[in-house]
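Please work through the following exercises with the sequence and the three-dimensional structure at hand. Each task is followed by a worked solution.

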Amino acid sequence: MSELEVLPPELEDLANEVGDFICYWGFKRIHGRLWTHIYLAKSPLDAGKLMQRLKVSKALISLSLNDLLKYDVILENGKSERGTQTYVANPNVLDVILNVLRRRERKMLSKAESSHKMLCSLNPESLKRANCQDERLNSLGRMILQAQNALTSLLELATLDLAHWENINEGKTESKKV
């Protein structure tokens, strides 16, 4: 950002709102703020430009960029004229969502399942002292399993090529070449 370039306060307001929203999904506010600036930028941004725009430390930018890269929310886009790494937003939002589901939610459900099994393995007297109802404990196990199955189904469905179905829905037909 040049000395003369002044960002409108509305951009920072939007970045803050996206930051607040992304907290709902388990990310930090800085992740949403960073993504907004990268997504809206006319050209790829580097860490230095992001530090200037967001007025945060190099360490926070570095850690946050690494988090966003880990989930493919942003992508590396080559080097700037100064030789610094630049970043762009991943244009495929569905891929971003699926990556988060695969890498984070699947792990969380697996940990919940392990914890549930550990609790179930306690002797009945320990469960009684913990005031755990057997039927509720079993019900919770079924809920965890259903959540895992739903997530697996969603991830499998997302890998299907739906172009043919979209064509049918739009009234298009494919002509077969003989």
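**Exercise 1.** Which residues make a nonpolar surface patch of about 300 Å²?

Solution. The model is predicted, with local features needing pLDDT of at least 70, side-chain atom pairs pLDDT 80 or more, and totals for chains, interfaces and linings using all residues. Residues are numbered from 1 along each chain as its sequence is written, and side-chain values use heavy atoms, without hydrogens and water.

Step 1. Patch residues have over 30% relative accessible area and no salt bridge, and nonpolar side chains (Val, Leu, Ile, Met, Phe, Trp, Tyr) are joined within 5 Å. A salt bridge places a side-chain nitrogen of Lys or Arg within 4 Å of a carboxyl oxygen of Asp or Glu. Areas follow the Shrake-Rupley method with a 1.4 Å probe.

Step 2. The patch is made by Leu-14, Tyr-39 and Leu-40. Leu-40 belongs to helix α2, a helix being a DSSP run (H or I) of at least four residues.

Step 3. Leu-40 is partly exposed at 47% relative accessibility; buried means under 20%, exposed over 50%, and partly exposed in between.

**Exercise 2.** Determine how Trp-35 and Tyr-39 are arranged.

Solution. Step 1. Ring centres of a pair lie within 6.5 Å; planes under 30 degrees apart are stacked, over 60 edge-to-face, and the rest tilted.

Step 2. Trp-35 and Tyr-39 lie 4.7 Å apart, centre to centre, with 20 degrees between the planes, and the pair is therefore stacked.

Step 3. Both residues lie in helix α2, four residues apart, about one turn of the helix. Trp-35 is partly exposed at 24%, and Tyr-39 is partly exposed at 47%.

Note on methods:
Phe/Tyr/Trp six-rings, centres within 6.5 Å; stacked < 30°, edge-to-face > 60°. Helix = DSSP H or I, 4+ residues; strand = E, 2+ residues; numbered from the N terminus. Buried < 20%, exposed > 50% of the residue type's maximum accessible area, 1.4 Å probe, protein only. Patch = residues over 30% accessible without salt bridge, like charges linked within 9 Å, V, L, I, M, F, W, Y side chains within 5 Å.
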